[in-house]
Amino acid sequence: MRMEKIVLEKVCWKVKATTAFQFLQLYYSLLQENLPLERRNSINFERLEAQLKACHCRIIFSKAKPSVLALSIIALEIQAQKCIELTEGVECLQKHSKDYYSTKKLR
């Protein structure tokens, strides 16, 4: 019970923290809404999820904020798929999530 209290204090008693996967789902759905119907399959969610799982296997990514990690994965995938029409949407998400500079550092 002592250890449990220490852990809870370390996470500021927030036992239902938002995960990188939840941010990935949110950001993906927001970006999909801004795509024309014929381009909606250009970004594959399963591929994004696989990239997130790969990041979780590396200790360096465990230090990143979940929102930054999710947004960085999406930004890199958009660059790889050359979905130029989504670049503005990612930049908007960066500014609104207040992780703009953190995301730049992670790249």
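The count of disulfides in this predicted model comes to zero, where a disulfide is a pair of cysteine sulfur atoms within 2.5 Å. The sulfur of Cys-57 shows why: the closest cysteine sulfur, in Cys-55, is 9.0 Å away, too far for a bond.

The model is predicted, so local features need pLDDT of at least 70 and side-chain atom pairs count only at pLDDT 80 or more, while totals for chains, interfaces and linings use all residues. Residues are numbered from 1 along each chain as its sequence is written, and side-chain values use heavy atoms, with hydrogens and water left out.

**Exposure of single residues**

A residue is called buried under 20% relative accessible area, exposed over 50%, and partly exposed in between (1.4 Å probe, protein chains only).

| Residue | Relative accessible area | Class |
|---|---|---|
| Cys-57 | 69% | exposed |
| Cys-92 | 37% | partly exposed |
| Ser-42 | 18% | buried |

Ser-42 is located in the loop that joins helix 2 (20-33) to helix 3 (45-56). Leaving aside residues up to four places away in sequence, Ser-42 touches Leu-35, Gln-81 and Cys-83. A contact here means heavy atoms within 4.5 Å.

**Helices**

The protein has six helices and zero strands, and its elements run α-α-α-α-α-α from the N terminus on. Helices (H or I, at least four residues) and strands (E, at least two) are DSSP runs, numbered from the N terminus.

Helix 5 spans residues 87-96, and its residues Val-90, Leu-93 and Gln-94 are buried. These three lie on the same side of helix 5 because they cover an arc of only 100° around the axis, the arc being that of the directions from the helix axis to the C-beta atoms. On the face turned away from this buried side, helix 5 carries the exposed residues Glu-88, Lys-95 and His-96.

**The protein as a whole**

Along the principal axes, the C-alpha atoms fill a box of roughly 55 × 25 × 25 Å. Of the 107 residues in the protein, 31% are buried. Among contacts with a separation of 6 or more, 68% are between residues 24 or more positions apart.

The accessible surface comes to about 7900 Å², and 58% of this surface belongs to carbon and sulfur atoms. Accessible areas come from the Shrake-Rupley method with a 1.4 Å probe.

The protein has 18 positive and 11 negative charges, and their mean positions are 9 Å apart. Lys and Arg count as positive and Asp and Glu as negative, while His and the chain ends are not counted. The place of a charge is taken as NZ of Lys, CZ of Arg, CG of Asp or CD of Glu.
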